[in-house]
Amino acid sequence: MRRAMVVALVGTCAVAGLATEAIAQTVQYRSPTGVEYRSQVDTGAIARAESLLALEPRNIDRIIQLGVAQSGVRQFREAIQTFTRGLAIEPNNALLYRWRGHRYLSVRDFDHAMADLTRGARLDSTIYGIWYHMGIVRYARGDFKGAASAFSRAQSMAPEAGELAGSTDWLWMSLMRAGRKPEAKKMLDRHPDSLAVANAYARRLKLYRGEITPDSVFTPADTADVQVATLSYGLGNWYLVHGDTARARQWFERSIRSGGWPGFGFIISEVELRRLRRR
């Protein structure tokens, strides 16, 4: 009898734990096809950030730290609420608009993302993240000329090698999609991304320059969902600008199958597939 009670208690706790985990994994984004994408479970970063913020509830740095911690486990809607809380304290804080705009982008609310990033740029035009994410939103909207302008500004103020590779990559894609192929080639030939870095963007740039073939873009180590989404989108766009719509579609679909839904490659792959369906 006693053993049965213990087993029952353990079972009840396990069920309760699963229920708590399910509650923690909130729906963040529902795709047009009805697929739900959820947040992950906090492993301690959010709890620590909340404890620090409780000591100084009006400290903007700590508010941002909490929002970043929430974003780290894909709690983007919660992060939006956190940055909104900060803006109630400091309505002209450009960094809060940068972060909230980024998170609106993550949940595909492009209008609010653009509004925040535009406001942030007016308040402080020197913040790299504002221009980079504004470029993504413009690209998603099909404003490739505007995207190229934003990524050009981001490229000139990239804080480190990884971000420089990213802004260079998106600038090349934006110029190509805007029909400015000679300018795109000239930009790559300058090698603005000369600082050594090993990330998905650096690999894609090698493809654009003809240093590797499409078959060499992926390596056996590329298994993380966002990494797969990023590389797949780059390949899809490369095929698209070279006139191979069928292969482009295949790679956009591969990006979606990755499950890396917060990645910009995933987000733009969704957009590209809608564009292709309208053709």
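Residues 24 or more positions apart make up 56% of the contacts (heavy atoms within 4.5 Å) in the protein chain, counting contacts with a separation of 6 or more. The structure is a predicted model, in which local features need pLDDT of at least 70, side-chain atom pairs count only at pLDDT 80 or more, and totals for chains, interfaces and linings use all residues. Residues are numbered from 1 along each chain as its sequence is written, and side-chain values use heavy atoms, with hydrogens and water left out.

## The chain as a whole

The protein chain has 14 helices and two strands. Helices (H or I, at least four residues) and strands (E, at least two) are DSSP runs, numbered from the N terminus. Taken along the principal axes, the box filled by the C-alpha atoms is roughly 75 × 45 × 40 Å.

The protein chain has 279 residues, and 49% of them count as buried. Buried means under 20% relative accessible area, exposed means over 50%, and partly exposed lies in between (1.4 Å probe, protein chains only). About 13900 Å² of the protein chain is accessible surface, and carbon and sulfur atoms account for 54% of that area. The areas come from the Shrake-Rupley method with a 1.4 Å probe, and for residues only the protein chains shown count as cover.

## The largest pocket

Rolling a probe the size of a water molecule over the atoms shows where empty space is left. The largest pocket holds about 580 Å³ of space. It is lined by 26 residues, and those closest to its centre are H102, Y132, E163, Y201 and F264. Two or more lining residues come from each of α3 (60-72), α5, α7 (128-140), α9 (161-177), α11, α12 (225-241) and α14 (264-277). Helix α5 gives the largest share of the lining, five residues.

A pocket is an open set of points on a 1 Å grid over the protein atoms alone, where a 1.4 Å probe fits, with protein on both sides within 12 Å along at least five of seven lines; lining residues have an atom within 4 Å of a point. Grid points are joined across faces, edges and corners, and the volume is the space filled by probe spheres set on the points.

E163, one of the residues closest to the pocket centre, lies in helix α9. E163 is partly exposed, at 28% relative accessibility. Leaving out residues up to four places away in sequence, E163 touches Y128, Y132 and A158. Y132 is also among the residues closest to the pocket centre.

## Residues in other helices

G135 is in helix α7 and is buried, with a relative accessible area of 0%. Apart from neighbours within four places in sequence, G135 is in contact with A147, A150 and F151.

A113 is in helix α6, and its relative accessible area of 0% makes it buried. Beyond its neighbours within four places in sequence, A113 is in contact with G101, Y104, L105 and V137.

K206 belongs to helix α11 and counts as partly exposed at 41% relative accessibility. Residues up to four places away in sequence aside, K206 touches E211 and I212.

The table sets separation along the chain beside C-alpha to C-alpha distance.

| Pair | Apart in sequence | C-alpha to C-alpha distance |
|---|---|---|
| K206 and Q70 | 136 residues | 34 Å |
| G135 and R153 | 18 residues | 9.5 Å |
| A113 and I267 | 154 residues | 14 Å |
| E163 and A94 | 69 residues | 20 Å |

## Two positive phi angles

Most residues other than glycine have a negative phi, and most peptide bonds are trans. R108 is not a glycine, yet it has a positive phi of about 70°. R108 sits in the loop between α5 (94-106) and α6 (110-123). At 13% relative accessibility, R108 counts as buried.

H191, also not a glycine, has a positive phi of about 50°. The loop that holds H191 runs between α10 (181-189) and α11 (200-208). With a relative accessible area of 38%, H191 is partly exposed.
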